[in-house]
Amino acid sequence: MRLAKSIFGSDGRVLLAAGTELNERFINRLIELGINGAYIEDGITEDVLVEDVISDRTRLEAIHTIRSIMEDIDLEKCVDEEAREKVKVDLARSAVSKILDDLSLNRDLIVSLLDLRTYNDYTFSHSVNVTILSLVLGVALSLNELEIRDLGIGALLHDIGMARIPKKMYLKPGPLTKREYEIIKEHPKIGFDLLKWNQDISLVAAHIAYQHHERMNGSGYPRGLPGERIHRFAQIAMVADVYDALTSDRSYRKRVLPHEAVEYLMGGAGTLFSLKVVEVFVKHVAIYPIGVMVRLNTGEKGVVAKINKPLLARPVVKIIYDKDGNLLKEPKMVDLSKEFTLSIVEVLEG
Ligand SMILES: [Fe+2]
């Protein structure tokens, strides 16, 4: 097995380069690092191009930025007053600009993301994913340039309060105690307190940090605000936050698949989440990302090869196995947006 895409650490270093022959030692190392999958060259799915809405480079720089911002203000390194002064807003701003530049090259604005990452870096890659998703939603909802930038900064810094929570708590494997959960639930308020003083950050961005765990029906935290008191940018960031959290492996549970996360969001649309935001979300995030293996109602199995807009649930699938599980000599492409009798019935992991 050869690696089809390079795997990077959150510091931007290449952990394993594309083209590397994977042996048992490498695979064990990846598992140790908490990497939950990899793109493999298999000679069959070569023409399935896995492209992200933003480049690897932009993503890695952004992860590096949020990591350095949060590590600088780590609870163990400084007291609250110092932390406030140390938030490097200009770095956050330039990371958001670069993501926006990349997004502007991707006219379709469809996020098709099979995310592979190390879970120790969860907070950092999560912050970047929430930023990408929020920005895509913000653009789709026709926010203006200034609003988009505020949304991006707020999304990137939404969990900044976590830097002031003892690490042993949120990196703890297994379930949290009630007390630990109460402490973690303080991170939105802590984040707001870190940002609200800052002249270089709009108050709206600070409120995204404060309100991203609120829910439209008032069941969220820290204040249990009702929907009409939750800023519309926080309404965007919360959907992005929930989607990315659900589709990520955590120390206490396994990730769910994109279509399951989308079902959860649709189930909560109008009660937990803004209906409008969820409606836009499902139009811009591929429920069957490129590269996932699926089973069709015919029993055939294949890999999602191309997303069809706006029919995200009906992509082009490259069929590799027939209904009896035999490898096809010649894989065939089927376009579910044209063949209405065919449908995806299952997503196969691995
Ligand atoms: Fe959070």
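1. The cover over the buried residues of helix 4 includes helix 2 (56-72), helix 5 (122-140) and helix 6 (145-156). Helices here are DSSP runs of H or I with at least four residues, strands are runs of E with at least two, and both are numbered from the N terminus. A residue is buried if 20 or more other C-beta atoms lie within 10 Å of its own, exposed if 12 or fewer, and partly exposed in between, with C-beta atoms placed from the backbone.

2. The model is predicted: local features need pLDDT of at least 70 and side-chain atom pairs count only at pLDDT 80 or more, while totals for chains, interfaces and linings use all residues. Residues are numbered from 1 along each chain as its sequence is written.

3. The buried residues of helix 4 are Ala92, Ala95, Val96, Ile99, Leu100 and Leu103. They lie on the same side of helix 4 because they cover an arc of only 135 degrees around the axis, the arc being that of the directions from the helix axis to the C-beta atoms. On the other side of helix 4, Asp90, Asp101, Ser104 and Leu105 are exposed.

4. Helix 4 comprises 17 residues (89-105) and reaches 25 Å from its first C-alpha to its last. This is close to the 24 Å expected at 1.5 Å a residue, where the expected span is 1.5 Å times one less than the number of residues.

5. For the chain as a whole, the secondary structure comes to 13 helices and 9 strands. Of its 350 residues, 38% are buried. Two residues are in contact if their C-beta atoms, placed from the backbone, lie within 7 Å. Among contacts between residues at least 6 apart in sequence, 63% join residues at least 24 apart.

6. Ala261 belongs to helix 12 (residues 258-268). Ala261 counts as buried because it has 20 C-beta neighbours inside 10 Å. Leaving aside residues up to four places away in sequence, Ala261 touches Tyr243, Leu246, Thr247 and Val256. Leu246 is 15 residues from Ala261 along the chain, and their C-alpha atoms are separated by 6.2 Å.

7. Leu327 is located in strand 8 (residues 327-335). Leu327 counts as exposed because it has 10 C-beta neighbours inside 10 Å. Again leaving aside residues up to four places away in sequence, Leu327 touches Ile320 and Tyr321. A separation of 9.4 Å lies between the C-alpha atoms of Leu327 and Lys301, which are 26 residues apart along the chain.
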